[in-house]
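Please read the following report alongside the sequence and the coordinates.

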Amino acid sequence: MSSDVRFTDFKSDKQPTWCPGCGDFGTMNGMMKALANTGNDPDNTFVVAGIGCSGKIGTYMHSYALHGVHGRALPVGTGVKLANPDLEVMVAGGDGDGYSIGAGHFVHAVRRNVDLTYVVMDNRIYGLTKGQASPTSREDFETSTTPEGPQQPPVNPLALALASGATFIAQSFSSDALRHAEIIEQAIEHDGFGFVNVFSPCVTFNDVDTYDYFRDSLVDLKEADHDPHDYDDAKEKILEGDKEYMGVLWQDEESVPYHQTHGVTEDMTDIPDGAADGSMDLVREFY
Ligand SMILES: Cc1ncc(C[n+]2csc(CCOP(=O)(O)OP(=O)(O)O)c2C)c(N)n1
Ligand code: SF4
Ligand SMILES: [Mg+2]
């Protein structure tokens, strides 16, 4: 690791194909800033991405990377971290990837408390497949697959994490650049599974969960003087469900990451130093 790494060092030479204004730009920039601010560099960083617009992030970041199968980014990230605990592992994907097809993996990754950062770009829609309802879509949100809305209450991902025994639960907004980078930084520094649900608006297919909506409704826990180590308060805020909070809701100070209690006993890595430059080529060869 070197101390003079800048966040732009985490940018790859690939031009993002996200729609202009997509929230994923801000989510990714914050991740790159947080990685640089926490003393990481591309050679010790591994991004595992899901499938979706959000899943393209591994291509746009300069680091080791693997574009996984839909809903399966977390088990891959778990394997990467346990094979080489020295790597900074970032797992990133969408609300569909993480809370629908990948919901089972989410619960088990949370309870294992593997020391990685999980960033969910929650736009409350399936973006890549052109606008179907997702598990976090509002009950009355009309889409091509739900002309009268899903008519089911949305999944509360923070509550799901809490019930699964999470040691770090945060929520962020891709458009609040400073706070977003700060929150991701806290997740990276957490000793265990750092979960951040990021409101990352889809400007093409979601006309209700917009930048304006989040700007008007978000309550910043930093300004509200919330103590993230107060479990009961975190639980109350998470379960009340009628406010959109931004910040760290819950952090267990006693958290011990999985690899420290059940870690690998022999070196399983075979990654040459400085290979990050060609990592996507390696991945492509693999497929
Ligand atoms: C096993 C499997 N099922 C379905 C799909 C089709 N598919 C691709 S992306 C996606 C949903 C993406 O939504 P989300 O995870 O919210 O990501 P976003 O595009 O909104 O960032 C689906 C259903 C797939 N690629 N693989
Ligand atoms: S469809 Fe939505 S989520 Fe996908 S790139 Fe465009 S704005 Fe972003
Ligand atoms: Mg989505």
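The model is predicted, and every value given here was computed from it.

**Metal site.** The magnesium ion (ligand 3) is coordinated by Asp95 through OD, by Asn123 through OD1 and by Ile125 through O, at 2.1 to 2.2 Å. Along the chain these donors follow the spacing D-x27-N-x1-I. Distant parts of the chain are linked by the pair of Asp95, in helix H4 (residues 95-101), and Asn123, in the loop between strand E4 (117-122) and H6, the two being 28 residues apart. Asp95 has a relative accessibility of 2% and therefore counts as buried, and Asn123 likewise counts as buried because its relative accessibility is 11%, the cut-off for this class being under 20%.

**Ligand 1.** Around ligand 1 there are 16 residues, of which Cys53, Ser54, Asp95, Asp97 and Gly127 are the closest.

| Residue | Protein atom (N or O) | Distance to an oxygen atom of ligand 1 |
|---|---|---|
| Cys53 | backbone | 2.8 Å |
| Gly127 | backbone | 2.9 Å |
| Asn123 | side chain | 3.0 Å |

**Ligand 2.** The residues that surround ligand 2 are Trp18, Cys19, Cys22, Cys53, Asn123, Cys202, Val203, Thr204 and Phe205. By class, this shell divides into seven nonpolar and two polar residues, with no charged residue.

**Largest pocket.** Which residues lie nearest the centre of the largest pocket? They are Arg124, Asn156, Gly241, Lys243 and Glu244, out of a lining of 21 residues, and the volume of this pocket is about 390 Å³. At least two lining residues each come from helix H6 (157-163), strand E6 (194-199), helix H9 (231-240) and strand E8 (244-251), with E8 giving the largest share, three residues. The lining divides into nine nonpolar, five polar and seven charged residues, whereas the shell around ligand 2 has no charged residue.

Conventions. Residues numbered from 1 in each chain as written. Chains lettered and ligands numbered in written order. Predicted model: local features only at pLDDT ≥ 70, side-chain atom pairs only at ≥ 80, totals over all residues. Heavy atoms only, no water. 1 Å grid on protein atoms, 1.4 Å probe; cavity = no way out; pocket = protein on both sides within 12 Å on 5 of 7 lines; lining within 4 Å. Points joined across faces, edges and corners; volume = space filled by probe spheres on them. Helix = DSSP H or I, 4+ residues; strand = E, 2+ residues; numbered from the N terminus. Nonpolar A, V, L, I, M, F, W, Y, C, P; charged D, E, K, R; others polar. Donors = N, O, S within 2.8 Å, 3.2 Å for Na, K, Ca; no water. Buried < 20%, exposed > 50% of the residue type's maximum accessible area, 1.4 Å probe, protein only. Near = heavy atom within 4 Å. Polar contact = N/O pair within 3.5 Å; in protein donor to acceptor, adjacent residues only side chain to side chain.
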